[in-house]
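Student: I have a model open and want to go through a few spots. Can we start?

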Amino acid sequence: MNDPAPPLPPRPTRKTDAHKGDFGKCLLVGGSRGMAGSIALSTLATLRTGTGLVTAAVPDRCLETVAAFHPCLMTVPLDDHDGHFGDQAAKQLAGFLQDDATGGDIKFDAIGCGPGMSTGMGSQRVVDLLWNQTTKVPRVFDADALNILSAKGWLNPSQSADASPDPGPAVLTPHPGELQRLTGVSASDRQGQIDAAASIADRTGVVIVVKGGPTVVVGRAGRWTNTTGNPGMATAGCGDVLTGVITSLLGQRGDDGRRMSPWDAARLGVFLHGAAGDRAAERLGQAFMVATDVIDGLSDGPSDQ
């Protein structure tokens, strides 16, 4: 039985005199040779969900591929080792995150990390920076960032001396295989995985999106089951799109200047992502959908849910 959850929040509204800086600045970190499309999908989904400025930080060899994906994407190259993040990538990223105009504060409103990234040493250092040392900024961790969290034991500080005791505002978006590595619970045990994810969320304060049919979001606020989406979304790249949607919602502010909580951004993001997939299925049929159709579906709906 799910705990009662408040209604979904509305999407952030837009004043008539607004400019792009009012709608957040987001950073997406990931990509590797052969997997540049993953981070490109996440970045475009972040833009499509309403963020004003979006940048992809990628290995240098992937920069042109990601930049060519869409003319509205900004890119920054990081140290590259054979198409993957190199040893100096985390150090370069740390410098890029700083806003010199404000005395070194983080210049992004939200960060998404993991799509297409791989799990080499350079990527491990990037995830260390964003998980353990960038804890004031809302972040989304997906794909290989989750696999690195699993391997390092950073979700359980009692088992890892270098883990942050408080990861700060964060959303994790594992599919069943990634969640098996995070929890040790078999991907075939759906309810066991949901319960294990809820235990992690209660212990650490993170919000976890347990992907599946239907997707369940767990956090200290309770459990929430999504009502949108369809099997046509079981196609490569749809999870990367979800990472971008949630990152975007985390980075935007309403008219009152407040951001959504990770709990609200995760729930609304999952709902909007599924609804976009439903619209794509209506247009194309479930068997013929690809992830970019879900991005297109984000713009087909009303301004709120």
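Student: Which helix does Ser248 lie in?

Tutor: Ser248 lies in helix α8; helices are DSSP runs of H or I, at least four residues, numbered from the N terminus. This is a predicted model, where local features need pLDDT of at least 70, side-chain atom pairs count only at pLDDT 80 or more, and totals for chains, interfaces and linings use all residues. Residues are numbered from 1 along each chain as its sequence is written, and side-chain values use heavy atoms, with hydrogens and water left out.

Student: Is Ser248 buried or exposed?

Tutor: Ser248 counts as buried because its relative accessibility is 0%. Buried means under 20% relative accessible area, exposed over 50%, partly exposed in between (1.4 Å probe, protein chains only).

Student: What does Ser248 touch?

Tutor: Cys26, Thr46, Thr49, Gly50 and Thr51, leaving out residues up to four places away in sequence. Contact means heavy atoms within 4.5 Å. A polar atom of the Ser248 side chain lies 3.2 Å from the backbone oxygen of Thr46.

Student: Next, α10. How many of its residues are buried?

Tutor: 6 of the 8 in α10 (residues 291–298), so the helix is largely enclosed by the rest of the structure.

Student: Which ones, and what do they pack against?

Tutor: The buried residues are Ala291, Asp293, Val294, Ile295, Gly297 and Leu298. They pack against α1 (36–48), α8 (238–251) and α9 (262–284).

Definitions and conventions
Helices (H or I, at least four residues) and strands (E, at least two) are DSSP runs, numbered from the N terminus. A polar contact is a pair of N or O atoms within 3.5 Å; within protein, one must be able to donate a hydrogen and the other to accept it, and residues adjacent in sequence count only if both atoms are side-chain atoms.
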